Amino acid sequence: MARLAGVSPQTVSRYLRFNGGLKPTTVERVESAIRELDYRPNLVARSMRTRKTGRLAVLMPAMAFNPSRMLTGASATAHAAGYFVDVVSAGGGVQARSERLLELADSGQYEGILCLAPVVPSVQNKLHQRTTVVISADFDDEMRGIGALADATPVERMIEHLAALGHSRFLHVAGDPQFASARARRQSYLDTVERLGLESVGVLDGDWSGESGIEAIRSLPNRSRPTAVIAANDLVAAGVVRGARERGWDVPGDVSVTGWDNVRVGQFMTPSLTTVDVDLERVGSEAMAKLVAGLLDTAPETKAEPLFRIIWRESTAEPSA
């Protein structure tokens, strides 16, 4: 490989050990040689020689949602750095997860572990003696988004935009109040409506389901028709659209509707759904980047792009009257 790449064997070894510091042109030549030779490192031999396994673990609570996008981002970042990834799900709450984390750290199977939910403080104090661990607590024990994932700023931005279009009567169909994200979106809705001097026809608590969106619209008195509905997520928004049509309301002619999550089917609805896209791949990627940086003793790279992006589609427009 070194001969094909036109570099020394020591340079190839340095590349394969992920030590970094090589010139981009050198890295390109080595990678070109690896592709041409279809080289695959012998991880068992490397582990015996260097005491490094080339494996990382992602520890998650028992899953209450589909984490595929976040794991895709984490795995891509790990693979780009030359690591393999195992995903480990631990049930039983924070104490059981903390004990499982210690077991993984002591197993010798992993060079590093990324934990995506909180652990008890006493465990964190023990981990530095075992292996490299990053605790990126983006979720609680039930895989409910906390921290940055509970930021409700897009609700404020959507209401501001709709108000600029002429909307003045709003309704919020909220998510399950056990979720920090649902509580934050509800509060952002209330604060923004008050700040802009708009009318709120109500906040109706839901459960993230389409049924809650339908029932919210069915329950409204005729005199309380909003011109815009801020739904907690895309499924609730789909229920809102269905409920509006049952009442003979046109979307967006009579009422505009927004969702959250950018579920793929939303773009194919009639009308297509205005929503908030959450860059879950980036959440996983940046968490894994912290772990890889800790292993390589380098500074993790961060992206300047926002975590949330509002996608305006056909379900929102100027009010008809």
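## Close-up views of a predicted model

View 1. Beyond its neighbours within four places in sequence, G253 touches P319 and S320. This is a predicted model, and G253 sits in its loop between helix 11 and strand 8 (256-258). How far apart are G253 and T316 in sequence and in space? They are separated by 63 residues in sequence, while their C-alpha atoms lie 8.5 Å apart. With a relative accessibility of 21%, G253 counts as partly exposed, because buried means under 20%.

**View 2. The whole chain, for orientation.** Before we zoom in again, here is the overall setting. The chain holds 12 helices and 10 strands. Of its 321 residues, 46% are buried. Among contacts between residues at least 6 apart in sequence, 71% link residues at least 24 apart. The accessible surface of the chain amounts to about 16100 Å², and carbon and sulfur atoms contribute 49% of that area.

**View 3. An open parallel sheet with the strand order 2-1-3-4.** Four strands make up this open sheet, and they pair in parallel. Which strands stand at the edges? Strand 2 (84-90) and strand 4 (132-135) do; each has a single partner strand, so one side of each has no neighbour in the sheet. From one strand to the next, the twist averages 20 degrees. For a look at the pairing itself, follow strand 3 (residues 112-115) alongside strand 4: the two are parallel and share 4 bridges. Within this pair, G112 has T132 of strand 4 as its bridge partner.

View 4. Helix 6 (residues 93-106) lies across strand 1 (55-61), strand 2, strand 3 and strand 4. Its direction is at about 170 degrees to that of strand 1. Helix 12 (residues 280-296) also lies across strand 1, strand 2, strand 3 and strand 4, and runs at about 155 degrees to strand 4.

**View 5. E111, between helix 6 and strand 3.** The loop that joins helix 6 to strand 3 contains E111. Is this charged side chain's residue, E111, buried or exposed? Its relative accessibility is 11%, so E111 counts as buried.

**View 6. A second open sheet, with the strand order 6-5-7-8.** This sheet has 4 strands and parallel pairing. Strand 6 (199-205) and strand 8 are its edge strands, each pairing on one side only. Direction ignored, neighbouring strands are turned against each other by 15 degrees on average. Strand 5 (residues 169-174) and strand 7 (residues 228-231) run parallel and are joined by 4 bridges. Here F170 stands opposite A228 of strand 7. Helix 8 packs on this sheet and touches strand 5, strand 7 and strand 8, with its direction at about 170 degrees to that of strand 7. Helix 11 packs on the sheet too, touching strand 5, strand 7 and strand 8, and makes about 160 degrees with the direction of strand 8.

**View 7. Helix 8 against helix 9.** The axes of helix 8 (residues 153-165) and helix 9 (residues 180-196) come within 9 Å and cross at roughly 35 degrees. Their crossing is right-handed. On the helix 8 side, the contact is made by V155, E156, I159, E160 and A163. They meet R185, S188, Y189, T192, V193, R195 and L196 of helix 9. Sorted by class, this contact has 6 nonpolar, 2 polar and 4 charged residues.

**View 8. Helix 10 against helix 11.** Helix 10 (residues 210-218) packs against helix 11 (residues 234-246) at an angle of about 35 degrees, and their axes are 6 Å apart. This crossing is right-handed. Helix 10 brings G210, S212, G213, I214, I217 and R218 to the contact. Among the residues they meet in helix 11 are G239, V240 and G243. By class, the contact divides into 6 nonpolar, 5 polar and 3 charged residues.

**View 9. Strand 9 and its antiparallel partner.** Strand 9 (residues 275-278) and strand 10 (residues 308-311) run antiparallel, joined by 4 bridges. T275 stands opposite I311 of strand 10.

Notes
Residues are numbered from 1 along each chain as its sequence is written. This is a predicted model: local features need pLDDT of at least 70, side-chain atom pairs count only at pLDDT 80 or more; totals for chains, interfaces and linings use all residues. Side-chain values use heavy atoms; hydrogens and water are left out. Axes are lines fitted to C-alpha atoms, for helices over the stretch in contact, and angles run from 0 to 180 degrees between N-to-C directions. A crossing is left-handed if the near helix is turned anticlockwise from the far one by less than a right angle, and right-handed if clockwise. Contact means heavy atoms within 4.5 Å. Ala, Val, Leu, Ile, Met, Phe, Trp, Tyr, Cys and Pro count as nonpolar, Asp, Glu, Lys and Arg as charged, and the others, Gly among them, as polar. Two strands pair if DSSP finds at least two bridges between them. Buried means under 20% relative accessible area, exposed over 50%, partly exposed in between (1.4 Å probe, protein chains only). Accessible areas come from the Shrake-Rupley method with a 1.4 Å probe; for residues, only the protein chains shown count as cover.
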